[in-house]
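This report goes through one protein chain by topic. Please look over the sequence and the structure before reading on.

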Amino acid sequence: MPDAVVIGAGPNGLVAANLLADAGWSVEVLEAQNAPGGAVRHDRGVDPEFASDLFSAFYPLAAASPVLRGLHLEREGLRWSHAPKVLAHPLLDGRCAVLSRDLEETAASLEAFAPGDGAAWKELRNVWETLRPGIIDALFTPFPPVRAGARLALRLRAAGGLRLARTMVLPVRRLGQEEFRGEGGRLLLAGNALHADLSPEAAGSGGFGWLMSMLGQTYGFPVPTGGSGALTSALVRRLARRGGLVRCGEHVAEVIVRGGRAVGVRTAGGEAVLARKAVLADVSAPALYGSLVAEEHLPGQLLADLKRFQWDFATFKVDWALSGRVPWTCPEAAQAGTVHLAEGVDSLTRFASQIAMGRIPDEPFALFGQMTTADPSRSPLGTEAAWAYTHVPHRVRGDAGEAGLTGSWDIPERETMADRIEAQVERYAPGFRGLIKARRILAPPTLESMDANLHGGAINGGTTAMHQQLIFRPSPGTGRPETPLPGLYLASASAHPGGGVHGAPGANAARAALRRQHTELLPHFQRRLTQRDRKGRKT
């Protein structure tokens with residue numbers, strides 16, 4: 001019997017397992033899919049000569065994460081690679097906003113849009129450098145981040161206090177208008193905000209767009225050399241060296257509860273896997289509380305709150321094997337690992353509004369990844385392993401385009417939507433379609449079938465909007481990984497601090513389990529010391 005059972009071998013589950021193993025616990029990880037990694041996997045399914053990331057691809061949060069850095073995965077063979085430029089946002093008139101790890105290059109790009117915008121970007125970066133240690137500590141530690149929050153508050157006061165706090169909760173459209181005269185800086189901020197499900201008009205989208213932009217400015221958008229699965233392999237190897245076990249193809253059907261406490265899990269095959277100390281769940285909050293744990297073990301208020309749980313946007317992704325490099329009309333885009341494709345902030349608003357109305361966008365905002373540009377090992381010389389994803393509604397009420405898509409995502413609809421994304425790429429890179437050797441389409445149901453945590457194609461474990469963050473994640477409460485059921489901990493992106501590959505939800509859950517075990521054992525040790533002391537006095 002292991003000390004802990006972890007449900008799910010995604011990055012958060014594997015981080016949790018590693019930290020528990022570091023503390024001397026025996027750990028067993030059960031993964032429903034036939035391979036570990038969750039949304040951090042790659043394969044050669046598009047073309048045998050091309051390494052294609054199935055889900056996530058660029059990892060700025062991983063680069064910044066003290067959780068992952070503390071695991072020293074480079075000792076397990078993990079290597080990172082960078083594109084020459086972090087991100088590009090080309091426009092049809094030939095202008096292009098560029099985010100580079102070189103501050104001067106970023107500033108020069110934005111200065112070309114409007115005089116003074118380079119200096120404005122540098123000022124935003126100066127604010128980031130002042131706040132960065134406090135933000136990183138607060139972001140990746142359990143909520144509430146008491147010590148980290150106190151340090152951040154001091155730095156926040158030094159950087160402008162309430163005025164800066166106001167800036168961070170602004171919609172990204174307003175933030176861009178206040179900070180920049182030209183379109184370049186506004187595009188970088190707004191495009192990065194839509195890496196989550198935050199429209200240009202959403203409260204807090206300014207702070208998120210600024211955070212992602214500054215992460216790119218400081219750490220870049222690195223990729224694991226060889227494919228995203230290299231990160232997973234490093235986590236699995238590290239865990240195995242510490243005695244941990246990962247079992248794939250084991251779907252967990254329920255959490256076993258005895259005496260009001262989680263004591264293990266039961267697989268779909270009927271096997272009971274018991275745990276001496278804790279069960280950690282790297283699954284979505286709706287799956288944990290709506291399926292794995294029987295209702296009678298949960299408070300009615302939690303069940304009611306989960307009915308209001310909001311998923312982030314659904315995702316539609318296309319992978320390509322290209323016979324040559326993408327022929328961008330803006331040459332700067334050729335050097336970027338990530339390319340944002342939308343004709344201005346107004347187009348981003350239009351795109352997000354169509355999703356909000358339940359309509360499939362007619363001109364989808366595409367996040368385009370050039371993986372060979374970022375990591376030359378991904379495909380043969382002179383070719384490009386590429387992908388693009390966009391967002392669509394969960395509940396489709398209509399098609400903003402002329403194809404009449406319904407959201408059934410049958411084969412004809414998948415092909416039509418993939419063509420629509422390719423047409424968007426073709427606007428900025430004429431001749432793109434002529435380079436396609438092969439493509440793979442991952443519609444929302446496909447993504448969910450490959451990773452149950454990607455419900456309906458949602459990739460962030462729930463919305464990034466302010467009403468479902470901090471003490472509101474996954475429902476109003478403490479924002480902590482402990483659940484109402486003793487011995488059970490939420491270790492997925494549905495917990496604070498949310499989506500992205502950084503390991504914090506898993507780390508927070510592991511630390512909570514260790515702390516609880518210490519708290520439970522402390523009275524036992526105190527009684528033994530008292531008894532020993534009494535015996536000593538008698539003698």
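The sections below cover the basis of the values, the nonpolar cores, the strands and the salt bridges.

## Basis

The structure is a predicted model, in which local features need pLDDT of at least 70, side-chain atom pairs count only at pLDDT 80 or more, and totals for chains, interfaces and linings use all residues. Residues are numbered from 1 along each chain as its sequence is written, and side-chain values use heavy atoms, with hydrogens and water left out.

Helices (H or I, at least four residues) and strands (E, at least two) are DSSP runs, numbered from the N terminus. Buried means under 20% relative accessible area, exposed over 50%, and partly exposed in between (1.4 Å probe, protein chains only).

## Nonpolar cores

A nonpolar core is a set of buried Ala, Val, Leu, Ile, Met, Phe, Trp, Tyr and Cys residues joined through side-chain atoms within 4.5 Å. The largest such core contains 59 residues, and F58, W121, W128, W210 and L215 have the most contacts inside it. Helix 5 (residues 117-139) contributes most to this core, with eight residues. Another core, of 36 residues, lies apart from it and includes A4, A62, L68 and A513.

For F58, neighbours within four places in sequence are left aside. Contact means heavy atoms within 4.5 Å. The residues in contact with F58 are then F221, P222, V223, G337, T338, G369, Q370, M371, A374 and W387.

## Parallel strands

Two strands pair if DSSP finds at least two bridges between them. Strand 1 (residues 4-7) and strand 2 (residues 27-31) run parallel and are joined by four bridges, with V29 of strand 2 as the bridge partner of V6. Together with helix 1 (residues 11-22), these strands make a right-handed β-α-β unit; right-handed means that, with the strands pointing away from the viewer, the path from the first strand over the helix to the second runs clockwise. Strand 2 also pairs in the parallel sense with strand 9 (residues 245-248), over four bridges, and L30 has R247 of strand 9 as its bridge partner.

Strand 2 is mostly covered, with five of its five residues buried. V27, V29 and E31 point one way, E28 and L30 the other way. In a regular strand the side chains alternate between the two faces of the sheet.

An open sheet of three strands has the order 10-11-12, with antiparallel pairing. Strand 10 (252-258) and strand 12 (272-274) are its edge strands, each pairing on one side only. From one strand to the next, the twist averages 30°, where axes are lines fitted to C-alpha atoms, for helices over the stretch in contact, and angles run from 0 to 180 degrees between N-to-C directions.

Strand 11 (residues 261-267) is joined to strand 12 by three bridges. R266 stands opposite A272 in strand 12.

## Salt bridges

A salt bridge is a side-chain nitrogen of Lys or Arg within 4 Å of a carboxyl oxygen of Asp or Glu. By this rule there are 34 salt bridges. In one of them R95 pairs with D93, the closest N and O atoms being 2.8 Å apart; R95 is partly exposed, at 34% relative accessibility.

E201 and R173 meet in another salt bridge (2.6 Å, N to O). This pair links distant parts of the chain, 28 residues apart: E201 is in the loop between helix 9 (183-193) and helix 10 (205-219), R173 in helix 8 (residues 172-179). E178 and R174 also form a salt bridge (2.9 Å, N to O); they are separated by about one helical turn because they are four residues apart in helix 8. Salt bridges that share partners join E415, D419, E422, R433 and R439 into one network.
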